[in-house]
Amino acid sequence: MQDRPNYYLLLDLDPSVNDWPAIETRLQEKRRQWSLEKTQGNPAFQRKAAHNLSISREIEETLKNPETREQEAKEARKLQEQARQSKLKELDEGIQLLRADNQCTREQLALLVKQFGGAISEKDIEARIRKAGIRIAESKSGGSGPLPFKERIEQTLSNSIKSNLDVLKLDNLYKFLGLNPRSSPRVLCETANAINKEILKIGLTDPESSARKELAGLCLALFRDEKEKEKYDNTIALEAMDQLKNSIELVGKDGFISLSEMDGLVKLARSRGVQPADARAHIEEYARKRKWGVASEERLPSEDLRQCGNCDTLAGSLTSTHCTKCGEALSIACPQCGAPTPTQDKACSKCGCHTGDAPAVNALRKAGQRLRVNGDFVAALDRIDRALLIWPMSKDLLSEKRKVETDQRERETELARIEEMAGLKKLIEARSALDKFARSHGSAGIENLKKRIDQNIAKSEAAFSEGEARRKAGKEEEAIDKYEEALSFCADLEQARQAMSACPPPAPAGLRVQIAGSVVRLTWREVTARGSISYRVLRKARAFPNNELDGEIVGEVRTSRIDDAGAESGTPWHYAAFALRGGVPSRASANSGPHLVTADANILSCRAGDGEVVLGWAPPKGCKRVEVWRKSGASFPRSGDGDRVAAAADGAHDSGLVNGTAYNYLISAVFEDPNHSGKEVYSVGVRRTAVPVPPPDPVTDLVCSRNGKTVILNWTPLRRSQVQIRQAAQPPSVQPGLVIPLEEAGRFGELAAASSTGNAQIPLSTQGRIFFIPLTVSAGTAVVGAPAVLVTIEDVTNLKAQSAGKNIVLTWDWPPGIDEVLVCFTHDGYPSDPIKTHSTRARVTRPEYDRNKCFELRDVVKQPHYFTVFARAPNSDVYSAGARVVASMGLSVSVSYRVVLKKALVSRSVQDAWLELQCSERASLPGLLIVCKQKNVPLSPADGTLISEVPDVCFQDGRARIPIPPQYRSKTTYVKLFFKEPKNAQEIRLMPAAKEELALG
């Protein structure tokens, strides 16, 4: 019944009326009334009347039936009692005000009786007053008046809001939005916009939906900025004070409002959202009109009591730290600067952060926490991100976001594990894991998986039951088909596994093994048996597998062939092939072994030096040793053919060679033969050719410079050697002069250029700190030279700052390759160093900027803000020179100027002319342009002739002088100043004198 009006109350019927004819007569009267109202009155009443007519048939059916009529009457009595309790609470508030004088006059009593209009009898009111210990006394007399004028919304607009709020049974627009008057216009408008979208999405046109849609539109207009919001706040403050008129009359009936009475009234006003100063002003003006006396005191005790920013309840005492009603703290740490801030304030007094949005932020955070507990992490992150748009620097919100992301990763990992179980048909295990998962992470998003698991387990159990029926009927072979079907749905259905275990498949035979390099190919004869047969092949070191799980599984196939590319070299492997049916293995297997896989050494380096060759390798696993054989000339050696080079476990040093001669090497790994004791097996071997030469000289004088998008490299050319230039983001970790094999050159970066002329030009492909490492190359050998470094980072372009109320919005264009900037600002000048600076700083990534299409600084103080935006090089703390812009916040510096002429005493000819500038707020000005024009003052730098460019202007005692060249002095020529950089006009206003004082002659 809570989703619709009570039909007894809607018809203004006493719930004790149980006579259908009487009820029907009243319903007919109301139908006529609603029909009339449907075509008259304001739109809200028309919608309400139309709605009532649409449900009149439902009203008739409900009240005509004795059973539902009794339920409706019972609910009406309950609602009436709730209304009575609300009236009693209001009465108790009035009685509380009378405690100040501890008496109630007859006139005050009569006023209370009139105020409650028969809802509470005079006898009950008087009894309640006496019960409170207040005596009934004779009274004095008194007069009336309104709240002092403050700008408010128009009365027609106020009436429209009230009529729509009445439909929803709400007091004001803040309750409609679920926020409080301390909320920022931005948050209020975002909430109203969300409500409007929701209504449009649902598409309902009933009176409540229509009222909500109209109110949402009104909120967008009324809360578009602080000025418009203040008008609405003044309106509801006046309405709140009007509601207290009876209370004011009550305490003023004796012709005087005492301090305690004033304090009580202000408390009531504050609980209704009225500021103490406004409440006092209203009450004092009211008393003046009524010619009452008012006790005077600079500050009332209630004015020092803190007010809860969440529920508007006043604190019980000056020392209270938490609200007595909702339990929330009365002060919070500012999310931006950390300063303690009362929740009753709209913003932090230190940094201007809008702390009044705390209830909205807390609601979003709690919603996010609730969704996180339920496992809906996407929705949880949406709520936290929306809260971060309001308080982007809140550590608590950022911590909450990290917590949600961590839980999401853990949930996704655990869910992937369960999905993997389900994919392997281990459904009994998966179902158990899923139940545990739901208890730990919530059930959001797992409904389909649970349904799929349950359905397949049910299919498996049904197939097993049918198999059991066939077995009992003596059809054992046919039963196997059903057991196998059961296991195809659920591989870990234990009763089906046990049934299949009783009749395993026959074993395969004739296992053959062939080794080709590092690949082992296995083949066998297929099994002939009923059901779906597959084969599991295993390998085991130094012994045969005893069962289907004893060893490393090579794979499971349905054919009679498999390749094993994972067998490590040097280990004698034994292979076994088992047949599987429904996951049940054969009791025996086909076996073969031992078999040895050989592998070559991994050659790490082959460096030729002065009369020597140095080889380095990583020996393959399981080999006894590595042999190296050498031959000069055109052919490569074989094992045992040529000169054997002494070798260690991981390398060989071949010296005493002839420079310029090509030497061919074979490097082979030697293994123990597992099938013939005392015999050895050789790997195929790796071939390398090297030519010993004296190492070339390193480059020691590499110099790099930049010309636009091109890097120019210069060095002294070296005879008979080519130079490779490698480009890297980090400096090399070795000293110049190191000799390396040419194949290792890649570890010094990407090849940028190769030249023997002593110079090269390469395109600039990245930004930041770039290292260029020269390598001198000769006959497969390279020598590392001294690196050169180039720092290049482009600044952001088109940097603009715009004031938006209490916020500053920065926009810019990103340079190529830059994904992060550092925004720094101070109030007294542009920050020049991104690291060593005392400015306020904020890191902004490109994804964050692209999401909002700007960077926004909120709730700033009304002072000029000097911004420098430094572009940061990728993966390093290297920054650009910085782009600059100022947001003056309407506080720009003014510089006035005029033309001063020095004329001859007799002839009055102009002997000298200059521009005189005055400014007491700055010591200097940036570059200026002096422009003149015939007959009129120039409107822009292009509208006239450029006289000169002034690099800067310095003030002495607030004055400065700029001379005018003689050739421009003329009575018909006028001059004007412009900034060389137009953006400086945002910070400084050039104020020219009147036209006649700008003439040059």
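In this predicted model, V361, R365, Q369 and R372 of helix α16 meet D396, L397, E400, K403, V404 and D407 of helix α18. Sorted by class, the residues where α16 touches α18 comprise three nonpolar, one polar and six charged. Helix α16 covers residues 358–373 and helix α18 covers residues 395–423, and their axes come within 11 Å, crossing at roughly 15°. Angles under 35 degrees count as roughly parallel, and α16 and α18 are therefore roughly parallel to each other. Their crossing is left-handed.

**Two further helix pairs**

Let's turn to the other packed helices. Two packed helices are described by the angle between their axes and the distance between the axes, and the table sets out those values for each pair.

| Helix pair | Residues | Crossing angle | Axis distance |
|---|---|---|---|
| α16 and α18 | 358–373 and 395–423 | roughly 15° | within 11 Å |
| α2 and α3 | 20–37 and 43–54 | roughly 140° | within 8 Å |
| α21 and α22 | 476–489 and 494–501 | about 140° | 9 Å |

Helices α2 and α3 cross at roughly 140°, and the crossing is left-handed. On the α2 side the contact is made by R31, W34, S35 and E37, and on the α3 side by Q46, A49, N52 and L53. This contact of α2 with α3 has three nonpolar, three polar and two charged residues.

From α21, the residues I480, Y483, E484, A486 and L487 take part, and they meet A496, R497, A499 and M500 in α22.

**Aromatic rings and charges**

If you enjoy aromatic side chains, there is something to look at here as well. How many aromatic pairs does the structure hold? The count is 11. One aromatic cluster is formed by Y174, F223 and Y232.

Charged groups also sit over rings. R4 lies over the face of Y7, with a distance of 4.0 Å to the ring centre. In another case, the charged end of K995 is placed over the ring of Y974, 5.1 Å from its centre.

**Backbone details worth a look**

Most residues other than glycine have a negative phi, and most peptide bonds are trans. With that in mind, two spots in the backbone deserve a visit.

P594 belongs to strand β14, which spans residues 590–595.

The other spot is D859, which has a positive phi of about 50° although it is not a glycine. D859 is located in the loop that links β36 (855–857) and β37 (865–871).

Definitions and conventions:
Residues numbered from 1 in each chain as written. Predicted model: local features only at pLDDT ≥ 70, side-chain atom pairs only at ≥ 80, totals over all residues. Heavy atoms only, no water. Axes fitted to C-alpha atoms, helices over the stretch in contact; angles between N-to-C directions. Helix = DSSP H or I, 4+ residues; strand = E, 2+ residues; numbered from the N terminus. Contact = heavy atoms within 4.5 Å. Phe/Tyr/Trp six-rings, centres within 6.5 Å; stacked < 30°, edge-to-face > 60°. Lys NZ or Arg CZ within 6 Å of the ring centre and 35° of its normal. Left-handed = near helix turned anticlockwise from the far one by under 90°. Nonpolar A, V, L, I, M, F, W, Y, C, P; charged D, E, K, R; others polar. Parallel < 35°, antiparallel > 145°, perpendicular 65-115°, else oblique.
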